[in-house]
Amino acid sequence: MIVSVINLKGGVGKTTTAMALATQAAREGVPTVVLDADSQSSASLWQYNAAQGGSPLGFEVRSANMADLLRLRDEGRDGLVVVDTPPTGNVTDMAKDMADFVVVPTGTSGLDLQQTGAVVDVLEAAGRPYAVLMVRVEANTLAARAAREYLASRQASVFEAEIPKRSDLSNAYGQRFASNLHGYEDVWHELKEAMR
Ligand SMILES: Nc1ncnc2c1ncn2[C@@H]1O[C@H](COP(=O)(O)OP(=O)(O)O)[C@@H](O)[C@H]1O
Ligand SMILES: [Mg+2]
């Protein structure tokens, strides 16, 4: 299964989402690889730092250009491939087109949602299976409620699970995640259901 993590906005939580989903899948014994298609190399550096720090991640992270993505599309692959993407560009378009499922992480601010709405438009126009994932959610805030209402009014496909704002998750960069993935476990299960 190829899962691409996409949003037009930087800093929303794409890389964190890619790495946490890969972590959960690997923990369940699924052969997993993260393809890092972002020239900022956050996922690759995360893996490098984890290995240097003596806590390897338990799955592979490989940098990937357009040709690597094309090869993957043509040859297919067992298990899970998670593609972490830059906000825009050819490689992001390709990651969107070749994915079996697109995960769209979004924050709850108006700015985040505006960009997310634009991504949803593109995915729906292209007929791609996708769902929006609310991340860095602060429970019981107006922003969280407004975000849910906005996505519902758009009739966007949304994961039931939401990822709370947690220092655990932001501190995970460059390391293995702690055992609690704060909801990414459920996101992975919803993804598996959706792919059935
Ligand atoms: N659920 C969360 N709670 C707290 N911080 C988070 C959460 N998800 C991501 N972050 C932090 O937000 C920042 C941006 O996340 P990142 O995954 O790098 O986004 P992107 O790949 O979209 O640029 C990072 O500092 C990351 O640690
Ligand atoms: Mg990133």
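What percentage of the 196 residues of the protein chain count as buried? The figure is 48%, where buried means under 20% relative accessible area with a 1.4 Å probe, protein chains only.

## Basis of the model

This is a predicted model: local features need pLDDT of at least 70, side-chain atom pairs count only at pLDDT 80 or more, and totals for chains, interfaces and linings use all residues. Residues are numbered from 1 along each chain as its sequence is written, and side-chain values use heavy atoms, without hydrogens and water.

## Secondary structure

The protein chain has eight helices and six strands. Both are DSSP runs: helices are H or I of at least four residues, strands E of at least two. Their order along the sequence is β-α-β-α-β-α-β-α-β-α-β-α-α-α.

## Overall shape and contacts

The radius of gyration is 16 Å, which agrees with the value near 16 Å for a compact globule of 196 residues. The radius is taken over C-alpha atoms, and the globule rule is 2.2 Å times the number of residues to the power 0.38. Along the principal axes, the C-alpha atoms fill a box of roughly 40 × 35 × 30 Å.

Contact means heavy atoms within 4.5 Å. Among contacts between residues at least 6 apart in sequence, 79% join residues at least 24 apart.

## Surface

The protein chain exposes about 9,200 Å², by the Shrake-Rupley method with a 1.4 Å probe. Carbon and sulfur atoms supply 47% of that area.

## Annotated span

An unreviewed UniProt entry carries the annotation "domain: CobQ/CobB/MinD/ParA nucleotide binding" for residues 4-173. Such annotations may be inferred rather than shown by experiment. Residues 4-173 are 45% helix and 16% strand, and the end C-alpha atoms of the span lie 19 Å apart.

Note on methods:
Chains are lettered from A and ligands numbered from 1 in the order in which they are written. Buried means under 20% relative accessible area, exposed over 50%, partly exposed in between (1.4 Å probe, protein chains only).
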